[in-house]
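Visitor: I would like to learn how to read the contacts between chains. Could you take me through them?
Guide: Gladly; let us look together.

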Amino acid sequence: MTDSALLHPPQSWRQYFSFSTDHKVIGVQYMVTSFTFFLIGGLLAMLIRAELLTPQLNLVSRELYNGLFTMHGTVMIFLWTIPTFVGLGNYLVPLMIGAKDMAFPVLNAIAFWILPVAGTLLLSSFFLPEGSAKSGWWSYPPLSTQLSSTQGLVNGQSLWILAMVMIGISSIMAAVNFVTTIFWMRSPGMTLFRMPIFVWTTLSAQLMQLIFLPSLTGALLLLLFDLDFGTHFFQPAEGGTPVLYQHLFWFYSHPAVYIWALPAWGVFSEVIPAFTRNPLFGYRSVAIATFSFVPITGVVWVHHMFAGATPGWMRTLFMFTTELVAVPTGIKVFAWTATIWKSKIHLDSAFLFAVGGVVMFVLAGITGVMLGALPFDLHVNNTYFIVGHFHYVVFNTIVMAYFAAIYYWFPKITGRMCSEGWGKLHFGLTFLGATLNFFPMFPLGLQGMLRRVSSYDPQYADWNMVSSLGAFLLGVSTLPFLVNVIVSCFEGPIAKDNPWHATGLEWQTSSPPPKENFDSIPTVTEPPYSYGDARYCVQDPTSRY
Amino acid sequence: MTQASPRDGQPIHQNQNDESPFNLQQLRRNLPSWLQRFIPSGGGQHEDHHGKGMFGMTIFLLSESMIFVSFFASYIVLRLTTTDWLPAGVSGPEASPTVIFHSAVLVSSSFVLYFAERSLKRQQLTRFRLLWLLTSAMGIYFLIGEVQEWAGLDFGLTTGMGGGTFYVLTGFHGLHVTTGILLQFIMLGRSFLPNNYENGHFGVSAASLFWHFVDVLWLILFSLLYLW
Amino acid sequence: MIVKLGEAIVLAIGAAAIIFISYWLGQQSYSWMPPEATLEAQKVDGLFSFLVMLGSIIFLGVLGTILHSLIFCRAKKGDFSEGHPVRSDTLLEILWTGIPTVLVLWIAIQSIHIYALLDIQGVPEVAHAAMGMKAAYAAAPAPPVKTVEVTVQQWAWIFHYPEQDVTSAELHLPVNQRVRLAMRSKDVLHGFYIPAFRLKQDIVPGTEFDLVFSPTLEGKYRLQDSQLSGTYFSLMQADVFVESPQAYQQWLDNAAQNPTPPVDLSVAEAAQPPQLLGRRWGENHSPNHLQTAHSLPLLP
């Protein structure tokens, strides 16, 4: 076993708390840190759903409630969803392209270490006398710049902005690293159209960060000036306009949702072929569709402002572009479905999560197409229909993909296998909990229940109770996962190099890989997902399936 | 499997069979050489630290430009729509001879920088250091001029949209000028280390590109703030 | 992909079942919505029904395909041989790119027709003319008969009826008459939303927003603030009455005689039970410089 093996000799765990420049260490650091923030964000969600269990306000005050959903959204997006896939990509991309490390290892480490600092700063705002930011994760002015007379320069909203800017800097560093790595560090023979789809999705997502994130930074800096330094860019009474903020904000935040989703779709594209023993159907279309998101998602942002101060011609224009973004999304879904058709399926936990995620993603995508239809959106905008739609994306698709990825690459990262039984239990609880928690939001929204309310009309009580119970079930469902992952790190059976008989360069090296990933840099001569190749088309009596 | 040198221009791949819809190598060969150096020619370039570094620096600067694009867009939108640009009697930023001179100094410093870099490539170390230092001095001169201009203006940060956008735009630009000068000082210091340029002069090239970026930004800023 | 006759029959039955269920769901979808209280609501519900039907076909189709494979295509233990060697099928990929493109464009075009009826924020006629569909529009929407001025602020909805100079906390509208709401916010972003009307418009402070529509169903409805506006956002609600023109006139005359000015909605907070985790972080206050000449009467 090599010296980078996880938890084999006791002294190796220390490196996860150190300033290591090894992408494998940094990847794990990202993932563990972001999972911690996931649990914190989940706790905030439990409080929210506990309040919404009954129509009246009886658990938290209105201000605290507004702070809860603001921080829940912010933590989940910027400290969980984005960093965890940056972490996974950090670990996997160099391996998948046959490189020894990322292009800029020191930059990589710096980008990671910003995150725990920014996250702590953000969460510390709960302890300020006037509390955290509480204007929603969008922080729309003029609400977000309304300060009470007792608040000074340092307040929940300004800490929020500061933390976001820090996270933004970390993201740009990571994006520069990923894009350079993927363009420059591929091994001989690894042409762009031999890269696994996970690398394509990482490349596309990180390019989008580079192009669009600065718009959010600009918006936040101007907001900070309005908040603390007396300018009036977004204050209508003094000649400014809040609509400018909205455009700058959504110009990033729409592509952002694809930045969150693309790596998850990349995970599906890796896991599904491995457990169906089929090449990914339509690899070339999927690769091109993936990359096409970079320009296409940049021209749809106004659909978040359909009900706003948007002239009719702009609403109709952006409705067309919004509806068209369904096409590359559909290409991927149909490709996965065709990969599963006529296959030889091994029903492992990783695959269950992947398939469960794909099925729920279809519902997420369909509700998305519905929302793109302007008159319908005017009815359900800012209702629970939207909340249901995006949670079907971020939880029922992206988190499912995350769990699929963990079960799939756990042997590679830790050198041990985790328990299948606990994995299946985890899947069952998660799938049930997620459906109970988020499906009721669709009828609630259709019936007109607004989002971000802390108390509601009694007619909405039944569905809210189902949703809250589902949320508590989801909270409980994390336990088998934690038990499985932690215990298996110590007690799991030792994993082979390629326990799934999967294609991909990461499986051609030991589990876990040596310090420089490969004994010698491999040369690639074949297309990806060659499940017909004799090396993968094997009979393995020692496998669990 | 031996690796071909990344500089000989030949594609690395032994086997071109992949599903690429177009021939990327052909596309790259048809580009001018100054553009080619930013774009890898296929797998196996990890030894080319200079090319890799300049690619990273270039995409970073393109991203950084987007912050300024968002500021420019905000400036244009506010200028066109607000009812409160500047109060009556306040004339706003003026392209006085002083301002024009300072701008000329900043923009010329890019040319000085170009000659500095050329001297380094020709291994004329002393000449490089002198021209490099001159560039920094011109940058500092510009910054001092900016501060003096700020002190002499009859509007502040909170004086309408005009005041706010002016100080935010010039302030962030000044921040980038300062960063550029700091980078130059670091590179100047490192030029005194023995064998500093054994692995190429990526640091100098990167600091150089950053400075040109800062200058181009000023040209746009100047047009928006003073000429419009 | 080789499809045998038996399989073809199963697929055909499955497809027919999916289409039937989807059609049925589309019909059911009307009952998932609040009552249709405007002309526009009927159109929106029709669009939604179509979207539900289409969405169900896609969802059930994908789900059915996957379930079929999960049940019938399981590998034997230890067998890691290839499922099938096909990597792509150009015709299939063209179909599943082209058909969705046509479908989504169709949805967008249908939506423009409906949006034109809503007459919100501008010039849908331009879009129509551009697509040569002007002739399809038999009659342009009638001009509004009356205007009600709506003012929203932290924390109240205030309705002003200019013909009798009545100010009220209730919105009364005569049935089957086209009405225009002229809306303004005095402080932060708010949203005007009546679910039964299928209408929503965010109100950005500093600009007037017009909403024109025709209520068609008498009844009592609820107006809610749909854009987060601060501490008492959840309480920003008002009653909406759609009534016969006679009842409307009666109410208006009565209100002119006995004015009841709107009160601050946050007083309803006293009716809430005490909170367990009640930290007072400070309510949202309009900053001093936003105070206007029209202060709210009778605020505590």
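**Reading the chain interfaces**

Guide: Between chain A and chain B, the contact takes 45 residues from chain A and 47 residues from chain B, where contact means heavy atoms within 4.5 Å. This is a predicted model, in which local features need pLDDT of at least 70 and side-chain atom pairs count only at pLDDT 80 or more, while totals for chains, interfaces and linings use all residues. Residues are numbered from 1 along each chain as its sequence is written, chains are lettered from A and ligands numbered from 1 in the order in which they are written, and side-chain values use heavy atoms, with hydrogens and water left out.

Visitor: What area is buried between chain A and chain B?

Guide: The size of an interface is often given as the accessible area lost when the parts come together. Here buried area is the accessible area (1.4 Å probe) that two parts lose on being put together, summed over both. For chain A and chain B that is about 3,800 Å², with carbon and sulfur atoms giving 73%. On the chain A side, Trp184(A), Phe193(A) and Phe233(A) lose the most area to chain B, together 19% of what that side buries.

Visitor: How many salt bridges does the rule find across the interface of chain A and chain B?

Guide: A salt bridge is a side-chain nitrogen of Lys or Arg within 4 Å of a carboxyl oxygen of Asp or Glu. Across this interface the rule finds 0.

Visitor: And what about chain A and chain C: how many residues does the contact take from each?

Guide: That contact takes 119 residues from chain A and 105 residues from chain C. The area buried between them is about 9,400 Å², and carbon and sulfur atoms give 65% of it. Gln146(A), Phe281(A) and Trp341(A) supply 8% of the area that chain A buries against chain C, more than any other three residues.

Visitor: Which side chains meet in a salt bridge there?

Guide: The rule finds 1 salt bridge across the interface of chain A and chain C. Lys342(A) and Glu7(C) form it, at 2.7 Å from N to O.

Visitor: Finally, what share of chain A is made up of buried residues?

Guide: Buried means under 20% relative accessible area, exposed over 50%, and partly exposed in between (1.4 Å probe, protein chains only). Buried residues make up 74% of the 545 residues in chain A. The C-alpha trace of chain A spans about 70 × 45 × 45 Å along its principal axes.
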